Number of protein chains: 2
Amino acid sequence: MNVDSSGDRPYRADMPANGQGFLDSYLPYLLRQADQTLSAPFYDTLNHYGVARSEWRVLAVLHELGDLGVKDLANAALSPQPTVTHALRRLEARGLVIRTQGTQDKRQRLVSVTATGKELTQNLINQAKALETDQLAQADDLTDLIAQLKSLTATVEARSQQLAQNATQAG
Amino acid sequence: MNVDSSGDRPYRADMPANGQGFLDSYLPYLLRQADQTLSAPFYDTLNHYGVARSEWRVLAVLHELGDLGVKDLANAALSPQPTVTHALRRLEARGLVIRTQGTQDKRQRLVSVTATGKELTQNLINQAKALETDQLAQADDLTDLIAQLKSLTATVEARSQQLAQNATQAG
DNA sequence: TAAATAAACATTCATATGAATGTTGACAGC
DNA sequence: GCTGTCAACATTCATATGAATGTTTATTTA
């Protein structure tokens with residue numbers, strides 16, 4: 001594991017040599033490292049637009065899935081519900097989304113993106129795509145990696161469900 | 001992209017169908033999703049020990065690499081320097097680490113883990129390993145995935161360096 | 001060597017985060 | 001139709017986070 005004391009690259013580290021450590025092959029570490037390395041330049045973009053990361057995640061999900069309730073939004077945005085509610089309040093204050101009362105279930109709040117919000121979202125997505133394209137130009141083919149990530153998540157998710165099931169039965 | 005409004009699984013989402021969206025194949029999203037799905041149970045463990053995530057990252061890195069200065073620590077822990085300094089203050093207050101003045105460079109603070117800290121770290125790592133083993137029991141072989149992640153990070157990192165280099169020359 | 005510059009770490013401070021909890025509405029059993 | 005239970009979202013509040021900046025020591029330059 002090489003930390004590179006000299007170069008000026010915050011948030012990152014390489015870790016080859018040093019024998020077989022723990023972190024060296026700890027998946028969450030590697031996943032987070034890859035995420036940060038890929039996302040770093042895009043975070044500058046978000047900063048430029050004054051958009052928090054939680055807000056970006058909400059916008060991206062709404063773009064992907066259309067109008068959604070807060071719970072589904074939180075699930076898809078990989079964020080806790082209160083974090084999403086806070087983000088929505090800020091986005092609504094900026095006129096980027098609107099929350100309407102649910103028709104069936106009056107507890108629900110259906111979140112939709114305004115025209116302005118859609119424009120901003122599209123800009124952000126374009127930028128994200130452009131950055132990714134540039135970054136991955138030199139990289140190997142990724143279809144395999146993507147498939148493995150999805151499979152991994154699905155498998156672990158299923159396992160977690162199974163455990164929750166058992167816990168419920170056991171009481 | 002299926003959000004699953006019913007089941008009770010915060011922080012997660014599956015996203016198959018719905019055609020080819022953006023998020024659906026956006027690597028940072030998939031990486032973060034995998035990370036969260038894998039890490040979720042371990043976060044309960046951290047909670048149980050009263051250890052913040054940033055603190056865990058610091059301890060894990062120190063375990064892996066031995067005594068380190070704050071900057072190298074921050075790099076390897078994938079965290080900003082102020083975050084690490086805060087974490088260190090808390091860890092030091094709990095008697096889990098100590099900071100000593102650097103011998104060569106008196107600006108540096110060499111961070112080392114106390115006996116208590118090492119014990120706690122070992123417990124946490126054992127728990128992380130146990131959880132991971134259980135989670136990945138059903139999963140396919142991961143050596144390939146790990147290699148791809150490392151390669152991806154290295155490639156993108158190199159590209160980023162290259163850009164920084166050009167910027168400096170141009171400046 | 002004095003001065004300017006930069007590097008390592010600490011500190012300040014505004015803000016995002018999320019755990020805990022509150023509020024409102026749905027829904028089951030009676 | 002009541003009553004209890006649960007679900008969806010909002011709110012409160014203590015805390016982690018990190019950008020900006022300060023302080024101290026190295027290092028370079030004149």
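Student: How much of chain A counts as buried?

Tutor: A residue is buried under 20% relative accessible area, exposed over 50%, and partly exposed in between (1.4 Å probe, protein chains only). Of the 171 residues of chain A, 48% count as buried. This is a predicted model, in which local features need pLDDT of at least 70 and side-chain atom pairs count only at pLDDT 80 or more, while totals for chains, interfaces and linings use all residues. Residues are numbered from 1 along each chain as its sequence is written, chains are lettered from A and ligands numbered from 1 in the order in which they are written, and side-chain values use heavy atoms, with hydrogens and water left out.

Student: In what order do the elements of chain A run?

Tutor: Helices (H or I, at least four residues) and strands (E, at least two) are DSSP runs, numbered from the N terminus. Chain A has 6 helices and 2 strands, and from the N terminus on the order is α-α-α-α-β-β-α-α.

Student: How does one read the sides of a helix, and which residues of α4(A) are buried?

Tutor: An α-helix has 3.6 residues a turn, so residues three or four places apart point the same way. In α4(A), the buried residues are V84(A), A87(A), L88(A) and L91(A). They cover an arc of only 105° around the axis (taken from the directions from the helix axis to the C-beta atoms), which puts them on the same side of α4(A). Their packing partners in chain A are α2 (53-65), α3 (70-76), β1 (97-101) and β2 (109-113). Just after α4(A), G95(A) has a positive phi of about 75°.

Student: What does W56(A) contact beyond its neighbours within four places in sequence?

Tutor: Contact means heavy atoms within 4.5 Å. W56(A) is in contact with F42(A), L46(A), V51(A), L124(A) and I125(A), among others, and also with F22(B) and Y26(B).
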